[in-house]
Amino acid sequence: MDIKVTLAGLAAIAALATPALAEYPERALELTIPAGAGGGTDTSARKLAILLEEALGQSIAVLNVSGSGGAVGATQFMQAKPDGYALFATWNSPLTTVPQVQNVAYSLDSFTPIASTSETAYTLCVSPDFPGTTGAAFLEELAANPGKYTYANDGIGGTMQLAAERIFQAKGIDAIAIPFGGAKESMQNFLGGHVDIYGGSISTILPHVEAGKAVCPIVTSAADVAALPDASGLAALDMADKETLLWRAILGPKDMDPAIVAKLADIIEAAVNDPDYVEFLATKGEIPNVVKGEALGKRLQDEYDGLAEVSKALGL
């Protein structure tokens, strides 16, 4: 047998089995966002898509598919072809939290982890005339008045509710969770006076904090957040172990070509660390955080397992 012929044959088979990276992508991509337009995930993903278009040399069509805390979009996306032309821009809740409290058609194995992009804390905010506007005073007021105050969140069993309850349980606080369809709805109902406390992403409420319409006593990260200098991080309240973060990622459908995944992960990492995007994130109270491939898969699984314990304790 001619070894040269054999090697040539194997190379031909490999070329047929794996798309040539030099040719990818050859056409436009579609980016599914499992949330409505205007929210934190949507604005972050659209900004990132502009940078990815430049790097990939192809346009990216953005598709918003909201509902059920992101479950509707995730369910629709999992049916996409794993050819590298369908991407999913999500925050962690639809993958690690929603399945704890809803019967969903997908699991973590339904997706290919590509790269995380950014992270931030959630925040709890009140009106400027609330009885307690510092971190300690806010928690003391809630603890002294069980069942009196309501707080908006992103859905029953959503990450915001679990983040708040981890803090409240540690302080013996009984506040009433009021679920909404996302941070934007939570903000609107808070500003409209329908709930006492806003619970959600920093980026959504930040303009109203800057306008003097809201004060945020605490953030759900251990560390303080520069965008909310008056808010207490949990470490300052001796609750660093109760930290819960909101983070975002790009995934693909199950069974994507590993070579395409690796190429996309590297391109996403470069885009996330672009000075323009870093500056953009800072205005939203977010910081870059890139975890790629299998490491991202492990992060998803570890968070899923940890939140399963919290959900069980809450009876959700």
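**Figure 1. D266 and its salt-bridge partner K292.** In this predicted model, D266 is partly exposed, because its relative accessibility is 44%. D266 forms a salt bridge with K292, and the closest N and O atoms of the pair are 2.8 Å apart. This pair links distant parts of the chain: D266 belongs to helix α10 (residues 258–272), K292 sits in the loop between β10 (287–288) and α12 (293–314), and the two are 26 residues apart. K292 counts as partly exposed too, because its relative accessibility is 30%.

Figure 2. How accessible is E269? Its relative accessibility is 29%, so E269 counts as partly exposed.

**Figure 3. A salt bridge between K242 and D241.** Now look at the side chains of K242 and D241, which meet in a salt bridge of 3.8 Å, N to O. D241 has a relative accessible area of 55%, so this residue is exposed. K242 has a relative accessibility of 25% and therefore counts as partly exposed. How many salt bridges does the structure hold? The count is ten.

**Figure 4. R248, a buried residue in strand β9.** Find R248 in strand β9, which covers residues 245–253. Is R248 buried or exposed? R248 counts as buried, because its relative accessibility is 4%. The side chain of R248 makes a polar contact of 2.6 Å with the side chain of T41. The R248 side chain also has a polar contact with the side chain of E286, at 2.8 Å. Leaving out residues up to four places away in sequence, R248 touches G40, T41, S44, T90, W91, S116, T117, S118 and E286.

**Figure 5. T220 and its surroundings.** T220 is found in the loop between β8 and β9. With a relative accessibility of 1%, T220 counts as buried, because buried means under 20%. A polar atom of the T220 side chain lies 2.7 Å from the backbone oxygen of T244. Which residues does T220 contact, apart from neighbours within four places in sequence? They are A121, Y122, A163, I167, L234, K242, E243 and T244.

**Figure 6. Helices α8 and α9 side by side.** Two packed helices are described by the angle between their axes and the distance between the axes. For helix α8 (residues 183–191) and helix α9 (residues 202–210), the axes come within 9 Å and cross at roughly 30 degrees. Angles under 35 degrees count as roughly parallel, so α8 and α9 are roughly parallel to each other. Which residues meet here? From α8 come A183, K184, M187, F190 and L191, and these meet T204, I205 and H208 of α9.

Figure 7. A214 lies in the loop between α9 and β8 (215–219). Its relative accessible area is 3%, so A214 is buried. Beyond residues up to four places away in sequence, A214 touches V126, P128, F190, I205, H208 and V209. Among them, F190, I205 and H208 also take part in the contact of α8 with α9. A214 and C125 are 89 residues apart along the chain, with their C-alpha atoms separated by 6.4 Å.

**Figure 8. N103, an exposed loop residue.** N103 lies in the loop between α5 (98–101) and β4 (111–126). Is N103 buried or exposed? N103 is exposed, because its relative accessible area is 86%. From N103 to I197, the distance is 29 Å, C-alpha to C-alpha, and the two residues are 94 residues apart in sequence.

Key. Residues numbered from 1 in each chain as written. Predicted model: local features only at pLDDT ≥ 70, side-chain atom pairs only at ≥ 80, totals over all residues. Heavy atoms only, no water. Axes fitted to C-alpha atoms, helices over the stretch in contact; angles between N-to-C directions. Helix = DSSP H or I, 4+ residues; strand = E, 2+ residues; numbered from the N terminus. Parallel < 35°, antiparallel > 145°, perpendicular 65-115°, else oblique. Contact = heavy atoms within 4.5 Å. Salt bridge = Lys/Arg side-chain N within 4 Å of Asp/Glu carboxyl O. Buried < 20%, exposed > 50% of the residue type's maximum accessible area, 1.4 Å probe, protein only. Polar contact = N/O pair within 3.5 Å; in protein donor to acceptor, adjacent residues only side chain to side chain.
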